[in-house]
Amino acid sequence: MAGQGPRILLYTGKGGVGKTSVAAATALRCADLGRRTLVISTDAAHSLADCLDLPLGPEPVQVADRLWGQEIDVLHQMEKYWRTVQQYLAALLAWKGIDGLLAEEASVLPGMDELAALLQIVKVYDDGEHDVIIVDCAPTGETLRLLSLPEAARWYLERVLPLQRAVVQVAGPLLRTVADLPVPDRQVFDAIEQLMRELDRMHTLLTDAEITSVRLVVNPERMVVKEAQRTYTYLNLYGYSTDLVISNRVLPQQATGGYFAAWRDIQERHGQLIEEAFAPLPIRRVPMFEQEVVGLAMLRRMAEAIYGEEDPAAVYYQGSRQRVEQTEDGYRLRLPLPLADRSSLQLTQVGEELVVRLGNQKRSIILPRALWGRAAGKATFEGSELVLTFGRPSSAAD
């Protein structure tokens, strides 16, 4: 297993693709291999307990030998870690005339569940009581917001918090006297600063490819694959390392007949799309089982289908990833294309999607928003990377 400390594996995907089952199966395999493993759900739907067919709570619960499970509860985490901040927010809302109980509930702001999940990951990692930490993430949109929080936290810590402290120090007494407005005191600011620093530490952990890997769970369906492509693009943009794609619920060979034959043809086409979208990442195909993947026995069957005899905690891909760099004139997109036939480069750009063809190779890439509306310009190779330049947006062109 890479690294000296605990290994962190994040599983994400569109809602309904089976990422909870994949995360739980992976956790069970790691435990069976002798590693102390914790699987955490950050999904508000909390289907991890249903998948394990065992009760879970807001603190780790042992569910098998060397395996613990936990479902993050934002109210529990707020009470445990951020009570100082929540009390101030509740007081502020009560000052605005909101009923006390309602103010208490409303003081849990949008995004705090993601913050709670990040804090728990930091705490578990630093405790060192587990060898592998597996996170069953919320659906992809919420996951991306979760993973972008540390960058926002660093900006807030460096730019906004010092200014807020200074303003409150000067204007606080006047606001208390004139408006009877609850004003954050030093304890509130200290709590916020501590939170921001923990988020910054979380960013350090999650962007270390030796410690953390993100794994995308998809179904061979067009909309699912497109959303996963967007996720992969933004994971690269934020600096997170994706090392595996798991294509779940693939119809098995024994599914024959007219109805199943049509679906198998569709899945085969979308399986090719998955290859094009995520190469050179390794892709694992998991069959649709004849029954629900619920309980430890079925989770072991799924783990066998995904990993065979391999170690799920291994790093499955360590090569370069697509990267976006800002230049004086626009942006530069770098794509790893080892062993590519450079004599037949073709680029097709439609909206947010860029299709790169090199001989018999094809890559379908979802561009980040910063590149939408910017036409791809010069294309060159630097080593094994294809480098594409993007200039000003079309509307800004002369």
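## Surface patch

Y259 is exposed (over 50% relative accessible area, with a 1.4 Å probe and protein chains only), since its relative accessibility is 59%. The residue belongs to helix 10 (residues 258-278); helices are DSSP runs of H or I of at least four residues, and strands are E runs of at least two, numbered from the N terminus. Together with F260 and W263, Y259 forms a nonpolar surface patch of about 350 Å² accessible area.

The model is predicted: local features need pLDDT of at least 70, side-chain atom pairs count only at pLDDT 80 or more, and totals for chains, interfaces and linings use all residues. Residues are numbered from 1 along each chain as its sequence is written, and side-chain values use heavy atoms, leaving out hydrogens and water.

## Salt bridges

The structure holds 21 salt bridges, each defined as a side-chain nitrogen of Lys or Arg within 4 Å of a carboxyl oxygen of Asp or Glu. In one of them, D311 pairs with R35, with the closest N and O atoms 2.9 Å apart. This pair links distant parts of the chain, 276 residues apart. R35 is buried (under 20%), at 17% relative accessibility.

## A charged network

R323, E325, R332, R334, E382 and E385 are linked in a network of salt bridges. R334 meets E325 at 3.0 Å, N to O, and E382 at 2.9 Å. Because E382 lies in strand 14 (residues 374-382) and R334 in strand 10 (residues 331-336), the latter pair ties together parts 48 residues apart in sequence.

R334 is buried, at 11% relative accessibility. E382 is partly exposed, with a relative accessible area of 40%, and E325 is partly exposed at 24%; this class lies between the buried and exposed limits.

Note on methods: Patches are made of residues with over 30% relative accessible area and no salt bridge: like charges are joined within 9 Å, nonpolar side chains (Val, Leu, Ile, Met, Phe, Trp, Tyr) within 5 Å. Accessible areas come from the Shrake-Rupley method with a 1.4 Å probe; for residues, only the protein chains shown count as cover.
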